[in-house]
Every structure is written in structure tokens, then in C-alpha cells.
Amino acid sequence: MARFGFGRSRSGPFGWRRVGRLTDLVVALGILGFLALAGAILQYRLGPARVLTGPAQAIDGDSIRLLGEELRLEGLDAPEYRQSCTDAGGRGVACGREARRALQALLARGLTTCEIGKSDRYGRGLARCRQGDEDINATLVREGQAVSYGAYQAEEAQARAAGRGLWALRFERPEAWRRSHPR
């Protein structure tokens with residue numbers, strides 16, 4: 001029986017104990033390598049936040065151009081530039097153009113600083129922008145020039161309660177308006 005290895009010690013130079021430890025080491029290194037790769041991929045996809053500071057121009061009510069880069073304001077949704085709303089008297093109001101004018105007025109006050117994290121599906125950086133201590137994104141929602149879109153629910157509630165901006169009008173949420181008016 002010894003000829004077939006049945007009586008041998010499993011702890012010899014090529015025994016099972018040593019092979020088992022080597023297998024454990026290879027598996028552990030494989031797991032660590034996988035975790036390092038996953039972390040690198042997530043960091044690449046999410047990207048570290050970048051900060052841009054300079055004069056900015058409004059493209060529409062929730063998009064700006066800053067230092068040649070087109071950015072989408074994160075956490076809010078403003079009426080599309082061609083979108084119209086209706087006032088209490090039944091008259092049409094160019095609320096998309098008004099949202100752009102409101103954003104441009106904020107941007108005209110001075111230099112804008114934007115922190116850019118992820119990108120949207122069109123490749124624009126999603127940004128949270130400030131001028132000094134003022135959060136531009138929150139201000140637009142608080143003034144009723146945009147609605148909450150994942151953030152700024154408290155600011156939307158304030159605007160709605162005060163009947164400011166869009167909340168003084170009859171309007172279709174920008175997301176619904178885009179679905180019914182494809183480009």
C-alpha cells in the first residue's frame with residue numbers, strides 16, 4: 001500500500017499541509033487583488049471631485065459654462081429653455097427663459113466655484129456651485145426657478161409655501177415636459 005502513497009505522511013516537503021497553506025495564500029492574494037481592482041474601477045468611474053473657479057455663463061436654467069466646460073447643476077431640475085408655463089390669468093409665461101435669466105443674474109454677481117463629481121449621461125460634469133457662502137443650486141430651488149431633483153427638498157418646500165417662481169404658475173415638471181417634447 002505504501003507504493004501508492006497511502007501510508008505516507010502528508011506533512012512532507014510536498015505534503016498536503018504545505019499545499020494547503022500555499023493555496024490559502026494564493027486565494028488571499030487573489031481576493032486582495034480583486035478588491036484593489038474594484039476600488040480603482042470605482043474611483044475611475046466616480047472620479048475624485050474636481051473644483052473649478054471662474055466667471056460662468058448660464059446655458060439654460062440648470063446648466064452653465066465655466067472655464068470652457070459645460071456643467072449640469074446637481075440636485076435640481078429647471079424648466080427647459082423652450083418650456084412655457086401658465087400664470088393665474090391663463091397667459092403663457094416663458095418659464096424656461098425666466099429660469100435661465102435667474103441663473104445668469106446669480107452668476108453675474110462674481111466668480112463661481114463648482115465642485116464636480118460624477119458626469120451625467122451626456123458627459124457633462126454634475127456640479128454643486130457656490131459664490132462665496134451662497135449655494136447657487138439651493139438658491140435656484142428656494143427662489144422657485146427650479147424643482148428638487150434628488151436634493152433640496154426643504155428649499156422646494158419653502159418656495160412652494162411662499163408661491164415663488166414656478167410655484168406661482170401652473171407648470172409641468174421639467175422631466176415630464178422633456179418626455180412629452182422629445183428633441
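Here is a friendly note, in numbered points, on a predicted protein model.

1. Residues are numbered from 1 along each chain as its sequence is written, and side-chain values use heavy atoms, with hydrogens and water left out. Because this is a predicted model, local features need pLDDT of at least 70 and side-chain atom pairs count only at pLDDT 80 or more, while totals for chains, interfaces and linings use all residues.

2. Now the overall picture. The protein has five helices and 11 strands; these are DSSP runs numbered from the N terminus, with helices being H or I of at least four residues and strands being E of at least two. Of its 183 residues, 34% count as buried, where buried means under 20% relative accessible area, exposed over 50%, and partly exposed in between (1.4 Å probe, protein chains only).

3. Contacts come next. A contact means heavy atoms within 4.5 Å. Among those between residues at least 6 apart in sequence, 52% join residues at least 24 apart.

4. Please take a look at strand β9, residues 125-131. Five of its seven residues are buried, so β9 is largely enclosed by the rest of the structure.

5. Which strands pair with β9? Strands pair if DSSP finds at least two bridges between them. Strand β4 (residues 69-73) pairs with β9 in the parallel sense over three bridges, and here R72 stands opposite L126. Strand β8 (residues 112-119) pairs with β9 in the antiparallel sense over five bridges, with C129 of β9 as the bridge partner of C114. Strand β10 (residues 134-135) runs antiparallel to β9, joined by two bridges; D135 in β10 is the bridge partner of R130.

6. How many aromatic pairs does a search of the whole structure find? The search gives one. The ring centres of W167 and F171 lie 5.0 Å apart with their planes at 80 degrees, so the pair is edge-to-face. For reference, rings of Phe, Tyr and Trp (its six-membered ring) pair if their centres lie within 6.5 Å; planes under 30 degrees apart count as stacked, over 60 as edge-to-face, and the rest as tilted. F171 is partly exposed, with a relative accessible area of 22%.
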